Every structure is written in structure tokens, then in C-alpha cells.
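Visitor: I would like to learn how to read the features of a protein model one at a time. Could you take me through some of them slowly, with the general idea first and then the case at hand?

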Amino acid sequence: MPATITDVAHSAGVSKATVSKFLNGSHYVSVETKAKIAEAISKLGYYPNRVAQGLSLRRSHTIGLVVANISNQFYAELIRGSEEVAAAKGYTLLLASTEGEPTRESGIVKAMRQRQVDGIAFASVRLADREVTALAKDGMHVVLASRHLPDAEVDMVLVDSVRGARLAVDHLIAHGHKRIAYLGGPQSIAQFQDRFKGWSQALEAAGLPTPSELCVSLERMDIEAGFTAAGRLLDLPQPPTALFAATDNLAFGVLKACDSRRYDVPERLAIVGFDNVPFGEISLVPLTSVDGSGLVMGQRAMRLLIDRIESDAEHRPRSEQVRMIIQPTLCIRRSCGCNSVKETIRCVSSTRTN
């Protein structure tokens with residue numbers, strides 16, 4: 001017969017209520033008592049009944065995670081980080097992908113609420129600030145990861161996109177490039193506004209122009225969209241000599257376009273991406289990229305969300321809204337023109353002083 005919570009309490013010499021607090025991650029159980037309960041659980045082979053716990057606490061121990069595109073390696077890393085933290089805390093993730101379609105997000109949120117998730121982490125937000133705020137005010141715990149809604153009253157974990165873009169473009173300028181293209185996502189999304197801003201700020205600070213024909217904002221951000229956009233840029237009478245892509249997926253599309261045209265990278269076009277996904281190290285030409293810390297972002301967002309969930313369950317005072325900003329770094333590989341160890345060291349040093 002399976003061990004019960006009563007068996008655990010008896011073995012540990014504590015009350016059922018104390019075991020229950022331990023299982024729910026309460027901060028009100030001493031370290032010594034936690035050790036006794038953990039030992040009893042291990043000895044008895046006890047498995048908590050999450051369904052029963054959910055009914056008594058009105059919690060499902062399930063968290064929704066909404067991403068823009070599950071096939072994008074950045075989101076794969078973010079999912080991995082989120083799942084690591086959720087599993088360690090005893091939560092299950094309910095994953096959904098919008099595939100970049102704005103109309104899907106509202107339906108996904110409705111479905112997750114019907115499944116009584118304890119909270120939702122958004123790594124894809126086409127909802128308006130007021131809709132996300134209304135969702136939170138209606139009792140849903142919400143955190144945004146890699147999505148910035150400036151006026152939404154929820155916790156957010158973000159990378160400093162302006163600084164990341166400046167790192168990328170300053171690096172290309174340090175190589176002597178003067179015609180540097182920008183390839184990004186919709187200007188309706190805050191982080192692409194910020195990455196565009198970083199591109200333009202870096203060029204203006206260097207006294208370089210920001211011609212409109214070198215600035216491309218796309219609604220779709222997959223490899224094929226990057227491939228098509230790169231073709232248009234390379235066909236210009238004066239094509240760019242360098243390009244900053246606001247996501248690695250777009251950068252991979254540019255690399256694919258260059259390969260199809262026998263257009264040498266980085267000799268004729270230097271490329272820097274943003275996200276530093278694992279595939280970048282083994283792409284057609286190893287990709288220089290701004291590290292957007294997808295794994296870390298997922299971990300931190302999930303910790304924030306679970307802390308909110310458990311604080312409310314334990315009636316702890318609510319802390320202020322959190323804006324957690326991750327500082328980016330530039331991971332230099334061959335696509336930007338750094339071919340030798342000596343050149344790489346010089347470029348890293350010059351980037352850090354900007």
C-alpha cells in the first residue's frame with residue numbers, strides 16, 4: 001500500500017500540517033524539520049498527490065508557457081531553462097506556440113485558463129499592455145520573458161536590446177564598415193524598436209548615415225524571411241558591406257542567401273546576429289552574435305513566476321513589480337571578419353570600450 005502523508009508525518013515526528021507546508025514549498029518550515037521530512041519521504045517512497053493538493057489549495061501545479069516559435073533555438077533554450085526550474089519546484093509546464101500569429105495568443109490564453117494553470121509566462125506577446133495587465137488584475141500570475149510591454153503591470157525579464165545592438169554595430173564599425181544594414185522584426189514589438197534604436201544610435205555616434213534602404217523590418221522572422229530580405233539588400237546598386245540581424249534566425253537566412261549567390265562572408269558582407277543560439281557555432285559560417293541568454297532568461301522568469309504563485313498561496317506581502325534586465329555580451333566568430341586569434345582579441349577589446 002502506498003505511503004501517505006500521515007505515514008510521513010509519523011516517521012518524521014511532525015504534524016501533517018507541517019508536512020503539507022514542506023510539500024508546498026513554504027518558507028515557514030525550519031531547515032532541520034525540512035531535512036527530517038525529506039528523509040522520511042525518501043525512506044517511505046512517498047509521492048505527493050498533486051491532484052488532491054490542487055483541490056485543497058485551488059492550485060494545479062501547472063504553468064503555461066507561451067512562445068512565438070517552438071522551432072526557434074532561442075525559444076528552445078528559454079523553454080529548457082523554464083522547465084528546469086519548474087520541475088525542481090514541482091510544477092509541470094503546459095507549452096504553446098503562437099507560430100507568430102497574433103490571433104492565436106488570445107485563444108491560447110483562454111485555453112490555459114480553462115485548464116486552471118497557476119500562472120502564465122509569455123515569451124510571445126501580441127496582446128496589448130492593457131490586456132496583459134487586465135489578465136494579471138483578474139487573478140492570473142503573469143511574467144514576460146524576452147518580451148517588453150512598457151505599460152503592462154507585470155514582472156518582466158529582458159535583455160538590454162539597445163546595448164546589445166550597439167555592441168554589434170560598434171563592432172562592425174570598428175572593422176571599418178560604413179554601410180551597415182539593419183534587418184529586424186516588427187516595429188510594433190518593443191525589443192525590435194530597441195534593437196533598431198541601438199543600430200541607429202551606433203551609426204549616428206560614428207557620424208555615419210542611416211539610409212532607409214538599408215533598414216528592413218519584417219513581420220515574419222524565420223530563416224526564409226531573412227533569405228528573401230537579404231536578396232533585396234544584396235541587389236541594391238550600393239549593397240551593404242555589413243549587416244546586423246536582430247535575431248539569429250534572420251541572420252541564418254542572410255547566410256543562406258549569401259551561400260546561394262556565392263557571396264563571400266565575411267569578405268563581401270560581414271554579419272552579426274542576436275540571440276547566440278547553439279546552431280550559430282556550426283552554421284555555414286560560424287555566426288558572431290549578441291548573447292541574449294535564453295536559458296538564463298527562462299530560469300529567472302520561471303523563478304519570478306513561481307515566487308509570485310507561492311507568495312499568494314502563503315499570503316505573503318506582495319513585492320513591487322520586477323523589471324529584471326540581463327546585460328548582453330558579444331560572442332565573436334568568423335562571420336564578422338575576425339579570422340585570427342589576434343584580430344578577435346583586438347575586436348573584443350575595442351567593443352568593450354564603446
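Visitor: Which residue forms a salt bridge with arginine 308, and how far apart are the closest N and O atoms?

Guide: Side chains of opposite charge can pair when their charged atoms come close. A salt bridge here is a side-chain nitrogen of Lys or Arg within 4 Å of a carboxyl oxygen of Asp or Glu. In this predicted model, arginine 308 forms such a bridge with aspartate 155, and the closest N and O atoms are 2.7 Å apart. Arginine 308 lies in helix H12 (residues 294–313) and aspartate 155 in strand E5 (residues 155–159), so the pair ties together parts that are 153 residues apart in sequence. Helices (H or I, at least four residues) and strands (E, at least two) are DSSP runs, numbered from the N terminus.

Visitor: What should I keep in mind about the numbering and the values?

Guide: Residues are numbered from 1 along each chain as its sequence is written, and side-chain values use heavy atoms, with hydrogens and water left out. Because this is a predicted model, local features need pLDDT of at least 70 and side-chain atom pairs count only at pLDDT 80 or more, while totals for chains, interfaces and linings use all residues.

Visitor: Are arginine 308 and aspartate 155 buried or exposed?

Guide: Buried means under 20% relative accessible area, exposed means over 50%, and partly exposed is in between (1.4 Å probe, protein chains only). By that reading, both arginine 308 and aspartate 155 are buried.

Visitor: How many salt bridges does the structure hold, and where do aspartate 170 and arginine 166 lie?

Guide: The structure holds eleven salt bridges, and one of them joins aspartate 170 to arginine 166, with the closest N and O atoms 3.9 Å apart. Both residues lie in helix H8 (residues 161–174), four residues apart, which is about one turn of the helix. Aspartate 170 counts as buried because its relative accessibility is 12%, whereas arginine 166, at 26%, counts as partly exposed.

Visitor: Which residue forms a salt bridge with aspartate 235?

Guide: Aspartate 235 pairs with arginine 261, the closest N and O atoms being 2.8 Å apart. This pair links distant parts of the chain, since aspartate 235 is in the loop between helix H10 (223–234) and E8 while arginine 261 is in helix H11 (residues 248–261), 26 residues apart. Aspartate 235 is exposed, with a relative accessible area of 53%, and arginine 261 is partly exposed, with 37%. Salt bridges can also share partners, and in this way Glu77, Arg80 and Glu84 are joined into one network.

Visitor: Let us turn to strands. Why is strand E6 described as largely enclosed by the rest of the structure?

Guide: In a regular strand the side chains alternate between the two faces of the sheet. In E6, Ile180, Tyr182 and Gly184 point one way and Ala181 and Leu183 the other way, and all are buried. Five of the five residues of strand E6 (residues 180–184) are buried, so the strand is largely enclosed by the rest of the structure.

Visitor: Which strands pair with E6?

Guide: Two strands pair if DSSP finds at least two bridges between them. E6 and strand E8 (residues 242–245) pair in the parallel sense over four bridges, and E6 also pairs in the parallel sense with strand E7 (residues 215–217), over three bridges. Leucine 183 takes part in both pairings: its bridge partner in E8 is alanine 245, and in E7 leucine 183 stands opposite valine 216.

Visitor: What can the backbone angles tell me about serine 146 and arginine 262?

Guide: Each has a positive phi in a residue other than glycine, near 65° for serine 146 and near 55° for arginine 262. Serine 146 is found in the loop between strand E4 (141–145) and E5, and is buried, with a relative accessible area of 7%. Arginine 262 is found in the loop between H11 and E9, and counts as exposed at 66% relative accessibility.

Visitor: Where is the cis peptide bond?

Guide: The cis bond joins valine 265 and proline 266, with omega about 10°. Proline 266 is found in the loop between H11 and strand E9 (270–275).
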